[in-house]
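Open the structure in your viewer and keep the sequence panel beside it. This tour says what to select at each stop and what you will find there.

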Amino acid sequence: MHRKRAGRQGGAQERKATLIVISGGQAGQMFPLTGPEVLIGRAGKCDIILEDNGVSRTHARLLRVASGKYRIEDLQSTNGTYCNTRRIDAHVLREGDKLHIGSITLKFSYQDNIEEQFQKELYESATRDGLTGIYNRRFFDDHFRGEFSYAQRQRCPISLVLIDVDYFKRINDAHGHEAGDHVLRGLAKTIFGVIRREDIFCRYGGEEFVIILKGVDGEEALVNATRLRRLVEKTEFTFGGKLLPVRISIGIATLNNVNFRDHKEMFQAADRYLYLAKSKGRNRVESALTREKTGSGTA
């Protein structure tokens, strides 16, 4: 008796409708399409937020018209929605179609689990800092605006913590750039070991780091940042058998409903408090609360 031949190992994998950013500031980011309606634009309420000045606040929407099929509709955007270089009002998307929204190009594709994982790994490698392994500035720029808009809509707190290594140039000048790199890697590891899973920790550039604390108010952010400063102060960083004194200054900004108009204003506030911490002697934390509570800015 002959047995029936088995099908392909594991069976056919389901292919999911997906938009992949292939050019522009968010290149590599992938958006699986799951709901019956997907809103695209710059506004925080959008399901797909595209950070580009050429994108309207509510630019276009995707409607599921059949199993796995989507139609894109322009929402009277300022600069129009283009599919394969042709301006459209509405269009049923096919495999490989390229959408041009502002200066961003997205490709419509059906991805199976293997392809989806591969695409995620590509994006992950593009948004990780090569030295420290944490997220880089590109990832921060891609996510902070969306996190700010969500917190503003939901009227829940969000805090931004800016960290700068004090006298970092002295470390490089006295011990060499390898020592400086060693300090940055060790600092990133130290901080990453104590933050929450949901926090977003990025190397912003040079010796500057940033943490997005979701759902954290000003009081809690100040307590956490002060603990972090003290932890770094007590941690021994050694290179080539020499102890390297590492200290950090921290500036904090917290969204309280409407105290900031947008994410840029909030970042600027955190940057001002970081500058204040530096100007007051370094190795300290500054925020709106430190000034209100102590009058001297001492954390």
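Predicted model: local features only at pLDDT ≥ 70, side-chain atom pairs only at ≥ 80, totals over all residues.

**Stop 1: helix H3**

Select residues 168-175, which make up helix H3. Which residues are buried here? They are Phe168, Ile171 and Asn172. Look down the axis of H3: the buried residues fall within an arc of 95 degrees, so they line one face of the helix. An α-helix has 3.6 residues a turn, so residues three or four places apart point the same way.

Now turn to the face of H3 that points away from the buried side. Lys169, Arg170, Asp173 and Ala174 are the exposed residues there.

Next, show what covers the buried residues of H3. The cover includes strand S12 (158-165), helix H4 (177-192) and strand S16 (242-244). Finish at Gly176, which follows H3. The phi of Gly176 is positive, near 100 degrees.

**Stop 2**

Asp173 and Lys169 are four residues apart in helix H3, so about one helical turn separates them. Are they buried or exposed? Both Asp173 and Lys169 are exposed.

**Stop 3: a link across the sequence**

Select Asp166 and Lys278. Their side chains meet in a salt bridge of 2.8 Å, N to O. Asp166 sits in the loop between S12 and H3, while Lys278 belongs to helix H6 (residues 263-279), so the pair ties together parts that are 112 residues apart in sequence.

Check the accessibility of each partner. Asp166 has a relative accessible area of 4%, so it is buried. Lys278 is at 16% and is buried as well, because buried means under 20% relative accessible area.

**Stop 4**

Select residues 200-205, strand S13. Five of its six residues are buried, so S13 is largely enclosed by the rest of the structure.

Then zoom in on the turn. S13 and S14 form a hairpin with two residues between them. Gly206, in this turn, has a positive phi of about 55 degrees.

**Stop 5: Gln111**

Move to strand S11, residues 104-111, where Gln111 is found. Gln111 has a relative accessible area of 9% and is buried. Show its side chain together with that of Ser109. A polar contact of 3.0 Å joins the two.

**Stop 6**

Side chains of opposite charge can pair when their charged atoms come close. How many salt bridges does a search of the whole structure find? The search finds 15.

Select Glu198 and Arg196 for one of these. Their closest N and O atoms are 3.2 Å apart. Glu198 is partly exposed, with a relative accessible area of 39%. Arg196 also counts as partly exposed, at 29%.

Conventions
Residues numbered from 1 in each chain as written. Heavy atoms only, no water. Buried < 20%, exposed > 50% of the residue type's maximum accessible area, 1.4 Å probe, protein only. Arc of directions from axis to C-beta. Contact = heavy atoms within 4.5 Å. Pairing = 2+ DSSP bridges. Polar contact = N/O pair within 3.5 Å; in protein donor to acceptor, adjacent residues only side chain to side chain. Salt bridge = Lys/Arg side-chain N within 4 Å of Asp/Glu carboxyl O.
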